[in-house]
Amino acid sequence: MSFSDIQRAASLLIENPKAPASEFLAIANRLNSVKKEVPHYFRNIRCAFLGSFTLQGLPEVFRARAVSHNLLADVYLAPYNQFSQQIMDNSSDFYKFAADIVFLIIDRRDMLDLQHIYNLIDTLKSASKIKNVVLFNFAGDVSESMNRELEKVFAFNRFVSIFNFNCFLDEVGREDNWYTKYVELGDLRLNPQSFPVLAEKMIGYAVAVSGNTKKCLVVDLDNTLWKGIVGEDGSESLIINSDLQKNIIDLYNKGIILAINSRNNLEDAWDILEKHPGMNLRKRHFAAWRINWNDKHINMKELIQELNISSDSVVFIDDDPFQRNLVREVFPEIAVFHPDQLKNYSGFFSLITTEEDRKRGEMCVQERQRNEFKISFADQNDFLKELGLEALISRADIGNIPRISQLTQKTNQFNLATHRYSEDGIRQFLNSDGKIWAISVRDKFGDYGITGVCMIRPADKVWYIDNFLLSCRVLGRGVESAFLSFVCNLAKAEKIDRIVGTVVPTAKNKPSLSFLSDFGFGFVYSNDSLSVYEEKLIRNYSSLPFIKIRYE
Amino acid sequence: MSKLKDILSRILNMSPDSITDATGPENAESWDSFNSLLIATELEKEFKVKFSLEDIVSVKSVGDIKKILIKHEIDLEYE
């Protein structure tokens, strides 16, 4: 069985909410034999499961679910009821495992009091590699006040997330899944048949922590956004799928880009999207569309190019299994499933929504307007002159650290070294004398927000570029050169002699590989994994005429 | 009995052909106590039946499973 067979099997399991636990375990078993074939777009994540009762099987079901989120999860399960010991002993197997994310699953009956949990979490906080602790809340009506206290205590805590286990039990059915007869046989308090649903809910945290949150939702129209076929049934007999549409609008408000891939006449589709009174979604919510009679995988390729995103950040929903299979076969990296499953899908989960996220839907529409404007100019220079670009460069501060961290996690195309940082990582970088600047860009069409980051490690007379990255949205307008010129000028003002930059080629950052040498940096050396360039700070670094730069 | 064989094959990581009525915890390496419970919960879900504790504890082979399923009125020829 090849890796793509496993991917296909994992993808089909999203469609089937009633699939038994054994199907997921079968996938996890096969994963072990294909480690070498993992595609480049997969990200790794290390997940530890610490529980006060039997959780055997859950980590493996979780691993299988992870495949359909383009994640390769390494898992650790603490021995039965040893969660306290594993956390308190700093030479334990748990610490040796070096988890990125910890799931703490404790039954109320197995702990002394909440203080016990707070102490455990404080101990975990000092283990620097852990990026998030997901604490399950407690089951049953008797736990209501304890659960409310947990919500209150951890409301603004970036390190700890509370997972509503109690609500999950209501959803899957408490009677069949919690404290069943199986408690008498091996202390199996949670029915393994609930693991597939539980694992999908838990995987959201892994998606968020690994920076793998999906960015774009592509939708079909007929029998997806509405019940009926507009070309055949006419607009009055369509039944609008309001629940689904409201769900999609929530995603739009979180910053997810929306696009349409539909086999239809353009006029029929716009008629509904612009005029039908029952619709929640409107044309303005969509950044791009292919509404024609082409095959959907061809449309998908064009949409991805037009939106300038990478295919592994796309989700596609369509009621037609034939179209789903077509897209799935050509793009195994795209999450493809039936519209009914969108509410159960965790690929869009993120721990925080930044201001840029909230504005993204609007920004994509502005981008469409920019492109239409650009086509109207024969000369690229004239276009840039009329665009009215302005950039604001500022130092990292409490307000922009989340966005800076997010950019280091998500930016792939224009990224010289691809060093990923959590928010804590950014704070540590600043605390050890690192310098960080963020660049925020706007033009006459709108504000892109913070779209670039430069991270410098200063040394005696030298500055080392730790990170230099720019969102692909603002490439090709001179912003990257302007930003680097600015940094060079700052270095000169502080009597630094030279700036050294390292370029690490990845599968995605081709657009950035020649940037330093094009800018004028001299080549120093290279090996199999990286190239080093150096700029002696002697010349004058003037900005390009089309960009107004401000520094605050 | 193909549904039963498929379930056992996935859980025990054995090919369906190698599973006979005599297969059980004594001779199948992967049939440990956890997998026994997993088999029981999965059969309950797939065949929509509820086993008693005695049912589960009494199973020593695939043949025993079949007897219990028949007792719960599951038609193994059809399934």
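Analyst: Happy to. Helices (H or I, at least four residues) and strands (E, at least two) are DSSP runs, numbered from the N terminus. This is a predicted model: local features need pLDDT of at least 70, side-chain atom pairs count only at pLDDT 80 or more, and totals for chains, interfaces and linings use all residues. Residues are numbered from 1 along each chain as its sequence is written, chains are lettered from A and ligands numbered from 1 in the order in which they are written, and side-chain values use heavy atoms, leaving out hydrogens and water.

User: Is A:His285 buried or exposed?

Analyst: A:His285 sits in the loop between α13 (266-275) and β10 (286-292) of chain A. Contact means heavy atoms within 4.5 Å, and not counting residues up to four places away in sequence, A:His285 touches A:Ile249, A:Tyr252, A:Leu258 and A:Asn280. Buried means under 20% relative accessible area, exposed over 50%, and partly exposed in between (1.4 Å probe, protein chains only). With a relative accessible area of 5%, A:His285 is buried.

User: Why does B:Ser61 count as buried?

Analyst: B:Ser61 is found in the loop between α3 (53-58) and α4 of chain B. Leaving aside residues up to four places away in sequence, B:Ser61 touches B:Asp21, B:Ala22, B:Thr23, B:Gly24 and B:Trp31. B:Ser61 counts as buried because its relative accessible area is 13%.

User: Which helices do the buried residues of α1(B) pack against?

Analyst: Helix α1 of chain B spans residues 2-12, and its buried residues include B:Leu4, B:Ile7, B:Leu8 and B:Leu12. An α-helix has 3.6 residues a turn, so residues three or four places apart point the same way. Just after α1(B), B:Asn13 takes a positive phi of about 55°. The partners of the buried residues come from both chains: α2 (21-31) of chain A, together with α2 (33-47) and α4 (62-71) of chain B.

User: How many residues line the largest pocket, and how do they divide by class?

Analyst: On a 1 Å grid over the protein atoms alone, a pocket is an open set of points with protein on both sides within 12 Å along at least five of seven lines, a cavity is a set where a 1.4 Å probe fits but cannot get out, and lining residues have an atom within 4 Å of a point. Ala, Val, Leu, Ile, Met, Phe, Trp, Tyr, Cys and Pro count as nonpolar, Asp, Glu, Lys and Arg as charged, and the others, Gly among them, as polar. A:Pro17, A:Glu171, A:Val172, A:Ser194 and A:Val197 lie nearest the centre of the largest pocket, and α10(A) gives the most to its lining, with 5 residues. The lining has 42 residues, namely 16 nonpolar, 11 polar and 15 charged.

User: How much space lies in the largest cavity?

Analyst: Grid points are joined across faces, edges and corners, and a volume is the space filled by probe spheres set on the points. A search of the whole structure finds 1 cavity of 30 Å³ or more. Its lining has 6 nonpolar, 4 polar and no charged residues, with α1(A) giving the most, 3 residues. The space in the largest cavity is about 70 Å³.
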